[in-house]
Amino acid sequence: MNNLWDEKKSRGLNELGLLIYRSNMLGEDASVTNWAGGNTSAKITEKNFRGEQVVVLRVKGSGTDLRTITRPGFPGVELAPVLALRSRAAMSDAEMVEYLAHCLVDLNAKRPSIDALIHAFIDHVHVDHMHPDAIIALCTSKDGPKLMKQIYGDTAAWLPWLRPGFALAKKCGELINGRPRLRAVLLGKHGLITWGGTAHESYNATITVIGDAQDFLKQKLAGKKVFGGPKIEPAGAGERVRFAQENLPLIRGAVSRRSRMVLTFDDSPEVLEFVNSRRLSSLALRGAACPDHLVSTKLTPLVLEGGSSPDPAAFAGRFARGLEEYVKGYTRYFETCRDRGDTMADPFPRIILIPGIGMVATGRDKAVADITRDIYHRTIAVIKSASTVSTYVSMTRAEAYSVEYWPLEIYKMTLAPPEKSLARRVAFVTGGASGIGREIAARFAAEGAHVVVADINLKGAEEVAAEIVKTDGKGRALACAMDVTSEADVVSAFGSAISAFGGVDIVVSNAGISSANPVEKTTVGQWQKQMDILGLGYFLVAREGFRVMARQGIGGSMIFIASKNALASGKNATAYSAAKAAELHLARCLAEEGGPKKIRVNTVCPDAVLQGSSIWSGAWRQERAEAYGIRPDQLEEFYRKRTILGESIVPADVAEAALYFASDRSLKTTGGVLTVDGGVAAAFVR
């Protein structure tokens, strides 16, 4: 463990500031505690609303993350009435939560951590409760108490498994208080508790205790064969990528039967060492190491035994059988352990282990899938140490159920905001670097979608993706260089989308080009370029989108951004208008073909969207102005006046129409055409 405490940074901070500082440092290291895991506290003298000096327990709020926690993340509870609970023999979780709510000193504060009473009942000013890999390895070892003695002597104590709550808090207080030689408590199948008189002392105690365990395990693991040694050789790096791009859509569709999931693929050396080992099944299926791992990864992963480079068809059958057995097993687990009133959660795995290939993690969005992956890395590290120095002992099914379906844990999940209309979905937008495509990408992201911004202008696509990530969060967008007329580019871009998110739900074909000439002056090259980009390009993107959606088997939405010219002729724009008409008919044909697969295909027909368009910034503006006998700077007014509504069309108008077709609001519409042109009578759909 590296001691990160900086006297310069900590100097001048008050007690609450020091609590935040210490918490951020402890949360920075994933081997110390997981995302949103662990909790810290400080007992601080403050003035209450009456102006009286009282001792307030500032403790991490439920659902917050130590790495990024700030002042609002530490609700305060008045300590004196909380300490009065020590005289009680028992207290239910509901009573505990209600009691703590009455002790809050801040209006509208977050709910205190479910471990708040542990911090209150320990008579030290500062308390840390972490879930470090090295400590969890000891806490999940059959010989854990003996190994603890070897490391810490009589300066550490052991508490067997107890679900967090009043009983555990009371035992911790009774065990720690009045024992000055004690510096740590290890909680069986759970974690670590340390403390100090100051924030600095508590931080030093935490990292020292963890560091001692790390040093001990490092020495014990030296030269040892872990996980029983390798059983198979991994597939080559390129082969693993090809496998993922072929099979992630299949996996995604199967685990999305109740609600769509986003995937993360991981073939890191640590994962491959585990999935290729002899003891993979016996260790992985033993169960989760601790509550903090369980709530993200479930009790067990789905382990798919087999060769290192399975044939896609053979893998599909093996995966289907394995998933069916997993769901049956999860259902048995639920039915065996359930309490009256419990409702079974999604029965599909959060982690899928594939020998020779790697690991697939699932989540409601990319951030959650990545967190699930990261936490399973912690599980692998724990199993590696525990199974090498002793026998790995996981949570039992009853213990796991008591946490997974614990009302207080379920409450934490309710803190997430309501899902948006495109939540859990992946949108692939061509021509996404500017104009209509840029606006669609941003609008879809704002509605919860993960967005692949594909454009021949990679720099522009990267700028759009960066803006989405800044606004909507890490992992929300991916930029891809793609020429829609290149079959290789299109296949590669969809492969990148699959690698990043596991599949695609929405495809928006928007890439375009325009040129205008009287027919007698139109060259074969000009005609062909229009047909290549607006015809061949839309075909290639649609074909690849269909392939991915069909592999997923959960339907999807395909949206063509055509033009008013697809419905009505455009003066001196023969090639452009013919190509746009071809797009519209292609969409209708695809709608009929996609119906049995629940793939909807609809078309948006805008007109004269000049704002932010790379097309209108070039020769097309001059050409259209010449066709109508006006100056280029008069085009906006000309187009506005020719509409029935007297309105100009901007990219946001088209994005709103695309959003309708992308969302479930149009779930029963396919083969449809939505005009966004201000009302051009010649383009009325007939």
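Predicted model: local features only at pLDDT ≥ 70, side-chain atom pairs only at ≥ 80, totals over all residues.

Student: Okay, and what is the protein built from, in helices and strands?

Tutor: There are 25 helices and 18 strands. The C-alpha atoms fill a box of roughly 100 × 65 × 50 Å along the principal axes. Of the 686 residues, 56% count as buried. The protein exposes about 28400 Å², and carbon and sulfur atoms supply 53% of that.

Student: Which share of the contacts with a separation of 6 or more comes from residues 24 or more positions apart?

Tutor: That share is 73%.

Student: Now the rings. Why is the pair of F334 and Y401 called tilted?

Tutor: First check that they pair: the cut-off is ring centres within 6.5 Å, and these centres are 6.0 Å apart. Next comes the angle. Stacked needs planes under 30 degrees apart and edge-to-face needs over 60. The planes of F334 and Y401 are at 50 degrees, so the pair is tilted.

Student: Where in the chain do F334 and Y401 sit?

Tutor: F334 is in helix α14 (residues 312-337) and Y401 is in helix α16 (residues 397-404). They are 67 residues apart, and the pair links distant parts of the chain.

Student: What makes F334 and Y401 count as buried or exposed?

Tutor: Buried means under 20% relative accessible area. F334 has 2%, so F334 is buried. Y401 has 4%, so Y401 is buried too.

Student: And how do you know what kind of pair Y660 and F661 make?

Tutor: Use the angle again: their planes are at 50 degrees and their centres 5.5 Å apart, so this pair is tilted.

Student: How many aromatic pairs does the structure hold, and which residues do ring pairs link into a cluster?

Tutor: The structure holds 14 aromatic pairs. The cluster linked by ring pairs is made of Y330, Y333, F334, Y401 and Y405.

Student: What sits over the ring of Y330?

Tutor: The charged end of K298 does, 4.2 Å from the ring centre. The distance cut-off is 6 Å, and the pair is listed as a charge over a ring.

Student: What makes H131 buried or exposed, and where is H131 placed?

Tutor: H131 is in the loop between β4 (126-130) and α6 (133-139). H131 has 4% relative accessibility, so H131 counts as buried. Beyond its neighbours within four places in sequence, H131 is in contact with several residues, including S31, N34, H190 and D292. H131 and C290 are 159 residues apart in sequence and 8.5 Å apart in space, C-alpha to C-alpha.

Student: Last topic: phi. What is the phi of F227, and what is the phi of K598?

Tutor: F227 has a positive phi of about 60 degrees although F227 is not a glycine. Phi of K598 is near 60 degrees, also a positive value in a residue other than glycine.

Student: Where are F227 and K598, and why do they get their accessibility labels?

Tutor: F227 is in the loop between α9 (199-221) and α10 (237-255). F227 has a relative accessible area of 1%, so F227 is buried. K598 lies in the loop between α22 (574-594) and β17 (599-606). Exposed means over 50%, and K598 has 64% relative accessibility, so K598 counts as exposed.

Technical notes
Residues numbered from 1 in each chain as written. Heavy atoms only, no water. Helix = DSSP H or I, 4+ residues; strand = E, 2+ residues; numbered from the N terminus. Buried < 20%, exposed > 50% of the residue type's maximum accessible area, 1.4 Å probe, protein only. Contact = heavy atoms within 4.5 Å. Areas by Shrake-Rupley, 256 points an atom, 1.4 Å probe, with all protein chains shown as cover. Lys NZ or Arg CZ within 6 Å of the ring centre and 35° of its normal.
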